[in-house]
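Subject: Structure handover

Hello,

Here is the structure you are taking over. My notes follow below it.

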Amino acid sequence: RTLARPLGEDGGKALLDIAELSKIAMERCKTARQAVQVMGDLGSEHGFYAEAVFADSGEALILADREELWVFHILPTPDGASAIWAAQRVPDDQAVVIANDFIIQEMDLEDRENFMHSANMVSIAVDEGWFDDSGNETFNFFKTFGYEPKEFDPVLGLYSGRRMWRFNSLVNSEYNKSADPYIGYTPSQCEHYPFSLKPDRNISVETLFKVLGDHYEGTEFDLTVGLAAGPFGNPNRFEGHTKGTKALKGGFERPISIYRGTYSFIAQASASHPDYLGVTWYGQDQPAGTVWAPIYAGQESVPESFLWPKQSEFSLDSAWWAFNFVNNWIQLGYSKMVGDVNDARAELQAEAMELHALVVKAVAWIPIKSVAVAVLTRMSNKFIDKLTKSWWQVAFKLVAKYSNGLVTTGEDPGERTGPGYPNWWLKAVGYTNWPPADPGKISSY
């Protein structure tokens, strides 16, 4: 509902974006609660900006330490010179999902233990006519500050809502039975979505790997089926329209794992481990086709293969390019190749999990922090080097095995086959209507 521009641009009054606020918080703060306060205060004092369009002018983050998990929201003030912000603590037994939208709804402004907010939050909402404080209405952050066009747009609500529904339905069976996935997540109907919910069981890292790689498989929104998936069940849907043509209304489902995903990660902090043993499981490129490597908070370095900075320059030395190449190659025949890719992923991911267990066990026996850090750095980096080399080998094997529409497993007779197209797709594209009739020989009646 508000916009701001950075200092240096015409009319710009704001100094900080979410990247800078995050860096400052990581430098200065020990806890998530402290980070909320520091980021909020600096945004208010120096001005906050994001994208200069109403649908993308705010930011939503999850902040966590070893004890607490907080959701943090921030957007510019109407004059573009300051910030409005709020935060809500996630209960210890709850799971929460953010999908490119604010998720804080009703706020208990007297509960300082579980809610935090800027001093100007309510007064600006009242002044702008977005909230009436004369009655008993509970303040709802998303209803108050969330963007919703005057003309209802179902696509906008489902862009976030469908992914929120999917996550919640995967971790809570009761929600899966009762929730309506066709209701989009917008300020006017946000009450259909919980801020957080209790999962059926503790959520493992392995479960989150599966969630991050999801394309709605097995649901009515499954992106691996239908004409748009092509003959080989490709779940990726590119965005945009051909230049010079009228943009059509409509859209494709936005999955959790999207083709243009550059990276994904799962961060783990534990009160039972020293801070330097906090681990981030980092995956290169699209989540559905990655392997997450353990990188530790105290790690002193990572291999050069994980630091390649250019998407405009191909490199066989880059881990990102290895995963990106496979994720692109597989689109030539997704259903043919995905089994091979997932087998390779499973093998390396299991090795990564075993490595992490070994690191935790080894470090427990090392009383000197510097030695422990050196050990975990060496172990992590050795795995990353192996992962990069292994994934390029996966790429080369796929190129050899799946080229020219064929499946080649060897040089002997019968080791090169053409699986062809499925019948349903051949019928859909007119295969059974060939050859066409000669227009010159068609008589009219």
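Overall

Please keep in mind that this is a predicted model. The protein chain has 11 helices and nine strands. Its C-alpha atoms fill a box of roughly 80 × 80 × 50 Å along the principal axes. Of the 445 residues, 44% count as buried. Among contacts between residues at least 6 apart in sequence, 66% join residues at least 24 apart.

The four-stranded sheet

Four strands make an open sheet with antiparallel pairing, in the order β1-β2-β3-β4. The edges are taken by β1 (59–64) and β4 (115–117); each has a single partner strand, so one side of each is left without a neighbour in the sheet. Neighbouring strands are turned by 15° against each other on average, direction ignored. Within the sheet, seven bridges join β2 (residues 69–76) to β3 (residues 83–89), and these two run antiparallel. In this pair, Phe72 stands opposite Ala87 of β3. Helix α2 (residues 32–46) packs on the sheet and touches β1, β2, β3 and β4. The direction of α2 makes about 170° with that of β3.

Helix α2

The buried residues in α2 are Ala32, Ala35, Val36, Met39, Gly40, Leu42 and Gly43. They cover an arc of only 165° around the axis, which puts them on the same side of α2. What covers these buried residues includes α1 (18–28) as well as β1, β2, β3 and β4. After the helix comes Gly47, with a positive phi near 95°.

Strands β6 and β7

Strand β6 (residues 279–284) is joined to β7 by five bridges, and the two run antiparallel. Val279 stands opposite Tyr296 in β7. How many of the five residues of β7 (residues 292–296) are buried? Five of the five are, so the strand is largely enclosed by the rest of the structure. In a regular strand, side chains alternate between the two faces of the sheet. In β7, Trp292, Pro294 and Tyr296 point one way, while Ala293 and Ile295 point the other way, and all are buried.

Two single residues

Thr144 is found in helix α4 (residues 141–145). Is Thr144 buried or exposed? Its relative accessibility is 3%, and the cut-off for buried is under 20%, so Thr144 counts as buried. A polar atom of the Thr144 side chain lies 2.6 Å from the backbone oxygen of Asn140. Leaving aside neighbours within four places in sequence, Thr144 is in contact with Arg1, Ala125, Trp130, Phe131 and Phe139.

Pro419 is found in the loop between β9 (416–417) and α11 (423–428). With a relative accessibility of 45%, Pro419 counts as partly exposed. Apart from neighbours within four places in sequence, Pro419 is in contact with Lys336, Gly405, Leu406 and Val407. For one of these, Val407, the separation from Pro419 is 12 residues in sequence and 7.4 Å in space, C-alpha to C-alpha.

Regards

Technical notes: Residues numbered from 1 in each chain as written. Predicted model: local features only at pLDDT ≥ 70, side-chain atom pairs only at ≥ 80, totals over all residues. Heavy atoms only, no water. Buried < 20%, exposed > 50% of the residue type's maximum accessible area, 1.4 Å probe, protein only. Polar contact = N/O pair within 3.5 Å; in protein donor to acceptor, adjacent residues only side chain to side chain. Contact = heavy atoms within 4.5 Å. Pairing = 2+ DSSP bridges. Axes fitted to C-alpha atoms, helices over the stretch in contact; angles between N-to-C directions. Arc of directions from axis to C-beta.
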